Amino acid sequence: MSIDWKSYKPLLIPQIKGLQNLDVYEQHGGYGALKKVLAEKSGAWTTDNVINEVKNSGLRGRGGAGFNTGLKWSFMPKPDGGPRYIAANGDESEPGTFKDRQIFEYNPHLFIEGSIIAAYAMSVETVYVYIRGEYRSWINFMRKAVDDAYKKGYLGKNILGSGINVDMVVHSGAGAYICGEESSLMESLEGKRGYPRIKPPFPAQRGLWGRPTTINNIESLANVPLIINNGADWYKNIGAPTHPGPILYGISGHVNKPGVYEYPSGMLITDLIYNVAGGIRNGKKLKALIPGGSSTPILRADQIDGIGMDSDSLRTAGSMLGTAGMVIMDEDTDIVDVLWRISHFYHHESCGQCTPCREGTGWLEKILHKINHGDGEMRDLDLLLDLCTQMEGRTVCALADAAAWPVRYTITRFRDEFEARCKNTVYALS
Amino acid sequence: MEYTFTKEERDSIEAICAKYPERMAATLPILWFAQDKFGHVDPDVQKLVAEVLGMPEAHVHGVASFYTQYYKKPMGKYVLDVCTCLSCHISGGYDMLHHLENKLGIKEGETTPDGMFSIQSVECLGACGYAPMMQITNDVFVNHLTPEKCDKVIDSLRAGKLPEFEAITMPQHDKEVS
């Protein structure tokens, strides 16, 4: 499948100077989707119609799991008069991921507009925007944008005379990877330690303060005005058919031009590395890449030919789209060292609630540290894989899986390098 | 040490609490508020936060200790959070960390005797494309670090000046312009 990316003009972050300012956003048609929906709220754009349009667009969540956004919205129960919430997830804490901050900085009103439409569609009156605490500068950008939207009557009571009320509160995290997990995010918003909750009940049944709640990624919500303005059929035709729409690709590591790029979904990995990001720096060869944040399985250079950045294509290759935060590694990269550092991260970030994760992440790091420092034995590799089996699927949330997958796939796909490191050590020779 | 909030600060705190259906939800925002004022949230500050929230100290301590950005003890005037996570690691994050350690004569987790600088090695800060990088005292990001840039930042901080925010646009926009 070939994606026409060369003629693609960014939609989420178009190149318009000053677009982060409300007046410029309005001059370029901003809040037009919201006006359209509110004007037709008892006609073409009933709440059900908005949900169906988003569902039919095929928009899939951009936070990692890739669930159909409109379908998620449809899980909200019928309004019973009590409070309901949206929590917009801007925790963006998966290593390799740095895309949502681009929206906060350059097109915050697109996200705000999408959130208001989502709130209308799900009869929600309060949207909490959870942004990681490290993004203080971007939290300030968002707070200003939200204040401006209030002043112009896009937020608050009786929005544009429609009788619809939506409040938006920007909430700062304080340094915890786990708070990007949706139930942990809710705990954190409620003012607690970010311990994930057991599901079911799912957030749509019992979310924030026990009330129906939908958690959507920032980028997912920013896509909503595009769908309302142009229709589901238009949206479906952007990029990969089973995972359509524009994607903010975060490209980091050993490329000449790292950064965030907006292109259609399904872009070939090779196009992104060699044509978009300028190829591997210093004329080196590609060794490996992590396609969608540190928890997605690593791919060797020989595994990426013809593979596109969408969930189906990446599944065929043996990985996942995740957050589309690609980490590119050149031929000089020490894979054992990289895996140790990834395991160090998950050990540091395990919340400690479930034993297999709390202890497992610690042992993964310890054993990898030992191997990395030349003290490993061959049997350590199988011990690591066995540990992964003990962790996967045995905890309240997916952090244990996120910690185990990199270990499992990196060892499987680069076994020779791990074995080489475990040979000729004092332990192997004794 | 005993810490207090002024009447105006208590009013601001009440305004923050009003944004949430329950007071407990203001725990993180009020810890931030306190840290911005006192520079840390040590057990005495936690006690004050618990008092204004009307929550047990144990709750506030539990929250403060869970999140890495709250300083549980007084820190240097400037805290250098050097990212050494995945993308920064493969781009020389540890080299920057060690350069700063050598320059300031302290190890990560320590504070210089004059109380000016603390250094921490931290997990992913979400600036992977601009690696290696660091964040200064939970605030401004300094991207594309080199030893020379680290030196400049230290000089500038010694003169009391925080580096400016670095706006980074999408590289494809640069291309469209040229």
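## Strand 1 of chain A

Strand 1 of chain A, residues 85-90, is mostly covered, with six of its six residues buried (20 or more other C-beta atoms, placed from the backbone, lie within 10 Å of the residue's own). Strands here are DSSP runs of E of at least two residues, and helices are runs of H or I of at least four, numbered from the N terminus. This is a predicted model, in which local features need pLDDT of at least 70, side-chain atom pairs count only at pLDDT 80 or more, and totals for chains, interfaces and linings use all residues. Residues are numbered from 1 along each chain as its sequence is written, while chains are lettered from A and ligands numbered from 1 in the order in which they are written.

A:Tyr85, A:Ala87 and A:Asn89 point one way from the strand, and A:Ile86, A:Ala88 and A:Gly90 point the other way.

## Its partners

Strand 1 of chain A pairs in the parallel sense with strand 2 (residues 126-131) of chain A over six bridges; pairing requires at least two DSSP bridges. There, A:Thr126 is the bridge partner of A:Tyr85. Strand 4 (residues 213-217) of chain A also runs parallel to strand 1 of chain A, joined by five bridges, and A:Thr214 stands opposite A:Ile86.

## The sheet of chain B

Chain B holds an open sheet of four strands in the order 2-1-3-4, with mixed pairing. Strand 2 (117-122) and strand 4 (141-142) of chain B each have a single partner strand, so one side of each lacks a neighbour in the sheet. Six bridges link strand 1 (residues 78-83) of chain B to strand 2 of chain B in the parallel sense, with B:Asp81 opposite B:Gln120.

Notes:
Buried ≥ 20, exposed ≤ 12 C-beta atoms within 10 Å, placed from the backbone.
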